[in-house]
Amino acid sequence: MIIDSAEVIVTSPDRNFVTLKLTTDDGLTGLGDATLNGRELAVVAYLKDHVVPLLLGRDAHRIEDTWQFLYRSAYWRRGPVTMAAIAAVDTALWDLKGKAAGMPVYQLLGGASRTGLLAYGHASGRDLPELFDSIRAHQAQGYKAIRVQTGVPGLKSIYGIASNATYEAMDGVRYDHEPAQRGSLPAEEDWDTRSYLRHVPTVFEAVRGEFGPELPLLHDAHHRLTPVQAAQLGKALEPYDLFWLEDVTPAENQEALRLVRRHTTTPLAIGEIFNTVWDYQQIIREQLIDYVRSAVTHTGGISHLKKVLDYAAQYQIKSGMHGPTDISPVGMAAALHLGLSVHNFGIQEYMRHGARTDQVFQQSFTWQDGLLHPGDRPGLGVELDLDEAGKYPYVQAYLPFNRLADGTVHDW
Ligand code: EZ4
Ligand code: CO
């Protein structure tokens with residue numbers, strides 16, 4: 001099974017996606033997701049200029065060797081661009097191996113450890129009535145766990161959109177199934193941490209009052225807090241029994257989480273912007289988190305994320321793989337195969353892609369009773385329709401950024 005060709009496909013049905021497609025001498029094709037939201041073309045160049053030429057003629061069965069070769073031979077290690085590129089190759093090779101074996105990828109990873117994957121969706125609203133409607137709409141779609149984000153009184157923008165309508169009604173901005181906004185400049189949003197910290201516990205009190213104690217609730221602080229603010233928030237939310245509180249601090253400073261942990265038992269999830277096991281070394285060893293947020297797409301592929309999760313398992317830390325719409329259907333499929341197979345699966349983030357995206361990527365996963373399953377087609381179970389993909393050329397889009405009232409740039 002020799003790699004004959006490697007193509008990088010950029011398509012923007014509802015948002016931008018970068019896909020690597022490998023074809024072997026026996027005519028099999030494998031797909032890998034390399035989408036890096038807002039920096040897509042950097043990965044395209046990395047793949048086209050520096051990876052594709054190295055793949056041609058290689059034995060597609062040698063997944064681990066290819067991973068090590070791409071990681072070590074570059075000399076320059078880690079980083080989101082490199083690791084997304086390596087992830088795409090790794091994922092495409094697993095897809096190929098599955099197809100060659102006639103088995104779904106999860107079988108090659110050890111088989112199913114469960115019947116399906118608990119998934120959570122994103123509910124949001126400018127105020128409580130809108131938020132409650134959004135939670136109910138998610139429950140009606142079958143979601144058994146829900147992330148809750150709301151507007152903060154006094155702030156114009158809310159982080160954590162579920163629907164375009166919310167934003168269209170607010171400021172006429174079109175958000176396209178993602179926080180990234182199409183255009184040549186990032187949108188500027190406003191932020192005030194004290195207002196946020198006062199407001200969020202009242203939201204969770206109201207949600208628990210309305211929806212009862214059973215529903216698993218999650219919240220994302222999106223790197224906006226200092227360690228002591230994060231500790232305050234975790235403590236204030238304890239009565240509402242969160243499934244997790246996500247990205248409380250910018251976790252490149254991992255020691256910050258020691259302080260947070262000393263003050264709260266609210267479970268913590270971190271890592272959607274991490275890209276190697278090295279980023280997790282301290283926070284896993286010191287048991288500073290409860291869930292690993294990494295996606296296959298951004299963390300060196302199935303092979304590398306499995307190593308992270310196996311390490312995490314020693315500390316009873318579980319998976320909580322990143323699954324916003326900027327993970328393509330190929331990246332989602334990879335997450336589902338990995339999640340189904342590892343013992344320490346926790347929960348899967350799942351936002352629906354738009355109808356155009358579902359046309360470009362033909363998928364075989366199922367979504368029943370709040371549980372996802374990757375399906376039993378050989379490989380990942382996703383095929384890319386090149387004609388459909390060709391209808392939607394790349395569109396420049398950026399994630400927003402924050403400024404405080406005095407004009408200071410703040411974490412988004
Ligand atoms: O803002 O994926 O938990 N989910 C998130 C996402 C991120 C986007 C960034 O590309 O934080 O919605
Ligand atoms: Co997040």
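Strands β7 and β19 (residues 401–403) run parallel and are joined by three bridges, where helices (H or I, at least four residues) and strands (E, at least two) are DSSP runs numbered from the N terminus. The structure is a predicted model, in which local features need pLDDT of at least 70, side-chain atom pairs count only at pLDDT 80 or more, and totals for chains, interfaces and linings use all residues. Residues are numbered from 1 along each chain as its sequence is written, chains are lettered from A and ligands numbered from 1 in the order in which they are written, and side-chain values use heavy atoms, with hydrogens and water left out.

An open sheet of three strands is arranged in the order β7-β19-β20 with mixed pairing, two strands being paired if DSSP finds at least two bridges between them. Because β7 (188–190) and β20 (409–410) stand at the edges with a single partner strand each, one side of each is left without a neighbour in the sheet.

Parallel pairing joins β5 to strand β4 (residues 117–125) over six bridges, and G125 is placed opposite T150 of β5. Strand β5 also pairs in the parallel sense with strand β8 (residues 217–220), over two bridges; here I146 faces L217 of β8.
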